[in-house]
Amino acid sequence: MEKRMELLLREAEKQEMGKILDCNGKTARFGLELTKEETKQLVACEYQTLRECGRVQFTESILPKLIETFCDSAYIQREEYLETLEELQEIFFFYKNESGDKLSDDELLECMKQQYEEVCHGDLEYLKTTCLAEIVRTL
Amino acid sequence: MEMEMQTKEILELVGELTERYTSKESTSVTYETAQQLMGAVLYCIEENEKDGSGTELLQGQSSIRKIYEAGYEKVLQKVEQARILYNELAMDFEDYGSRALRETFDAIPQFFIRYDARFSPQNHILTLDYPVLHSQENLCGIDRIYAWLHCIRAEQEFLRSFSGEFVRKVLEKFHPDYEELFENLGEILLRKVVANRMLGLPSDWEILKEEDYQKLIQLFGELEKQEAEQKIYEILEGQCESEEQLLYVSGAIPNLAVGFLNMAETGNMEVFV
């Protein structure tokens, strides 16, 4: 069982790279792009987070959706694009667990984006420690 | 290579099952949920292999998907068969006052209501507190419930081959509060039956005298464990009315043999029978 779970993770990882690189086509107009090396780093980071959060991703990754949701934010700059995405995906999985999976991916992303833009004004620490925590508490 | 392909197919199935589980609203699930869903797929595949259909898998004649779906159908069929068996048993079910037996049996409908053949077929939901004579430890899901019901059917038939009054007297002699104990009723009755038959008495003979106990001590004192087991088996063979009954009560033979031999050694046969 454990070995099969590991294989499952590796299989999904392979497919993910291509889909994330495809996002560059949509994000380029906002001045945001990931290199192949950065994409690899982001995927590795995502899998690290998944392991730490005790979660498994099967058919597709959340990263393309995360990228599309946040790419038009005025608070994200090219220089810290990768770092921001890494933190956002960490926050995403953390709150998937915290919400007991009561929020769908879309609902959580929408909530994160709205708080990030309107309440936190790009402050990821505030988003993680305060805003989302309060929302999840009310679920 | 073949194994790799099979694993890949299994993973695809788990992925699809996850999508159904989350209604496509979540791309990830907790590790526990993933294990549950992986277990669900493997359970159905193994269910199909139980009747020999699994050879197709080894020969590469069927895709894993087909085997999984066939296994899933078999799980559903087994649930239906278990439901029919339960309803048949319920018509003249007798608990002889045992609370554990009554409550465990009465809880079975909850299994049919809550059992999830698609997402968690390996979960039997109930703890099945009333012990039967065959270990269910290696079974799970519907297999465990179905096997337990088969055991109960064999046990009910065995108990019913004696008068209710006799059974209750034997149980009361075993313990005045037997109703509250988590003990198998069949095994208690079997002690009495084996003792009676060893003494050449009818199976439902009620009162044993001091000299009867002494004779049992002498008879079992002469036997090795294996001989005692063989002797008990022969007695049960003569007592049981069907193969299913014999197979079931045979599960008590090791305990009975050890019990009689210990009592013969310590001279406490009256406590045991």
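What follows is a conversation about how the terms apply here.

Guide: This is a predicted model, in which local features need pLDDT of at least 70, side-chain atom pairs count only at pLDDT 80 or more, and totals for chains, interfaces and linings use all residues. Residues are numbered from 1 along each chain as its sequence is written, while chains are lettered from A and ligands numbered from 1 in the order in which they are written.

Visitor: What makes up chain A, in helices and strands?

Guide: Helices (H or I, at least four residues) and strands (E, at least two) are DSSP runs, numbered from the N terminus. Chain A has 6 helices and 1 strand, and from the N terminus on the order is α-α-β-α-α-α-α.

Visitor: Why is A:Asp101 called partly exposed?

Guide: A residue is buried if 20 or more other C-beta atoms lie within 10 Å of its own, exposed if 12 or fewer, and partly exposed in between, with C-beta atoms placed from the backbone. A:Asp101 has 17 C-beta neighbours inside 10 Å, so it counts as partly exposed. This residue sits in the loop between helix 4 (81–98) and helix 5 (105–118) of chain A. Most residues other than glycine have a negative phi.

Visitor: Where is B:Ile125 found, and why does it count as partly exposed?

Guide: B:Ile125 is in the loop between helix 5 and helix 6 (141–160) of chain B. With 17 C-beta neighbours inside 10 Å, B:Ile125 therefore counts as partly exposed.

Visitor: How do you know that the length of helix 9 of chain B agrees with what a helix should span?

Guide: The expected span is 1.5 Å times one less than the number of residues. Helix 9 (residues 210–221) of chain B has 12 residues and should span 16 Å; its end C-alpha atoms are 16 Å apart, so the two agree.

Visitor: Which residues of helix 9 of chain B are buried, and what puts them on the same side?

Guide: B:Tyr213, B:Leu216 and B:Phe220 are buried in helix 9 of chain B. They cover an arc of only 55° around the axis, which puts them on the same side of the helix; the arc is that of the directions from the helix axis to the C-beta atoms. The face turned away from the buried side carries the exposed residues B:Glu210, B:Glu211 and B:Gln218.

Visitor: How many residues of chain A are in contact with chain B?

Guide: Two residues are in contact if their C-beta atoms, placed from the backbone, lie within 7 Å. By that rule, 20 residues of chain A are in contact with 18 residues of chain B. The largest share of the chain A side, 5 residues, comes from helix 1 of chain A.

Visitor: What makes the largest nonpolar core a core, and why is it said to lie between two domains of chain B?

Guide: A nonpolar core is a set of buried Ala, Val, Leu, Ile, Met, Phe, Trp, Tyr and Cys residues joined through C-beta atoms within 7 Å. The largest has 94 residues, of which A:Phe92, B:Val14 and B:Val41 touch the most other members. Domain 1 (2–151) and domain 2 (161–272) of chain B both give residues to this core, so it lies between them. The domain bounds come from an automatic or database domain assignment.

Visitor: How many residues of these two domains are in contact?

Guide: 14 residues of domain 1 of chain B are in contact with 15 residues of domain 2 of chain B.
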